[in-house]
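Have a look at the fold below and keep it open while you read.

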Amino acid sequence: MALTQITGDGLAPSGFPTGSVIQVKYFQLTTSQTETYGTASASQAITNFTVNITPTASNSIFKLEANVMYESANAAWSTMWFFFRDSTKLANTQASPGNRIIGISSGLSSLDENDASSPEFATLTYFDAPSTTSAIDYKLGVMSNGNNNFFINRTIDDTDTTSFDRGVSFMSVTEIAG
């Protein structure tokens, strides 16, 4: 398919075949960050993990991805990660019996009982169809069964030795032609 529409800013959305990547925006954290989680079982956006994107077409699909290296005082299975579109939580919409938390399932790489030097990793992917051409703030969100601090890109005990890991976390948003 030939791309026929060109504007001063580049190609118009209608010039992209369905499934084409139109734009990619991202946030990457290469330093450590401590996030205070104050209210148990409440949905909270993680500071700095925001990607602002303006859709080029109302039928675009957005692929949201995040990888977070973190450690918290709570057990890893008491934490659920997800995304927000502005203030709307993007997660599983089914009711949850009991006190289970509903969100996007996250992959945990380490369930070691030593919460001072064994980090966890959450890897998330979500597809969103916001049906708008207005600017959107996508944010990384978390819900936990308890109050505590999340230590992002580091372990709870953080010293300059080989026993205490440090990492890099990111969030990206890819606009795909619909």
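Predicted model: local features only at pLDDT ≥ 70, side-chain atom pairs only at ≥ 80, totals over all residues.

Threonine 30 touches Asn153 and Val168, leaving aside residues up to four places away in sequence; a contact here means heavy atoms within 4.5 Å. This threonine sits in the loop between S3 and strand S4 (33–37). Strands, for the record, are DSSP runs of E with at least two residues, and helices are runs of H or I with at least four, numbered from the N terminus. Is threonine 30 buried or exposed? Threonine 30 is exposed, at a relative accessible area of 54%; exposed means over 50%, buried under 20%, and partly exposed in between, with a 1.4 Å probe and protein chains only.

Residues are numbered from 1 along each chain as its sequence is written, and side-chain values use heavy atoms, with hydrogens and water left out.

**Strand S12 and its partners**

Seven of the eight residues of S12 are buried, so the rest of the structure largely encloses this strand. S12 pairs with S3 in the antiparallel sense over eight bridges, and with S6, again antiparallel, over seven bridges. (To count as a pair, two strands need at least two DSSP bridges between them.) The table picks out some facing residues, including one from another pairing: S7 and S8 are antiparallel over three bridges.

| Residue | Stands opposite |
|---|---|
| Glutamine 23 | glutamate 175 in S12 |
| Alanine 66 | methionine 171 in S12 |
| Phenylalanine 84 | lysine 89 in S8 |

**An open sheet**

Four strands make up an open antiparallel sheet in the order S5-S10-S7-S8. S5 and S8 are at the edges with a single partner strand each, so one side of each has no neighbour in the sheet.

**The core**

The largest nonpolar core has 29 residues, and those with the most contacts inside it are Phe49, Trp81, Phe83, Tyr138, Leu140, Met171 and Val173. Such a core is a set of buried Ala, Val, Leu, Ile, Met, Phe, Trp, Tyr and Cys residues joined through side-chain atoms within 4.5 Å. Strands that each supply at least two of its residues include S3 (21–29), S5 (44–53) and S12 (169–176). Phenylalanine 49 touches, among others, Phe27, Tyr138, Leu140, Ile152 and Met171, not counting residues up to four places away in sequence.

Asparagine 48, in strand S5, has a phi near 80°, positive in a residue other than glycine. This asparagine is partly exposed at 43% relative accessibility. Aspartate 86 has a phi near 55°, also positive in a residue other than glycine; aspartate 86 lies in the loop between S7 and strand S8 (88–90) and is partly exposed at 34%.

The protein chain averages a pLDDT of 80, with 77% of the residues scoring at least 70; pLDDT is the predictor's confidence in each residue, from 0 to 100. Confidence is lowest in strand S1 (residues 6–7), at a mean of 45, and highest in S12, at 97. Over residues 98–102 the pLDDT is below 50, and over residues 104–112 pLDDT stays under 50.
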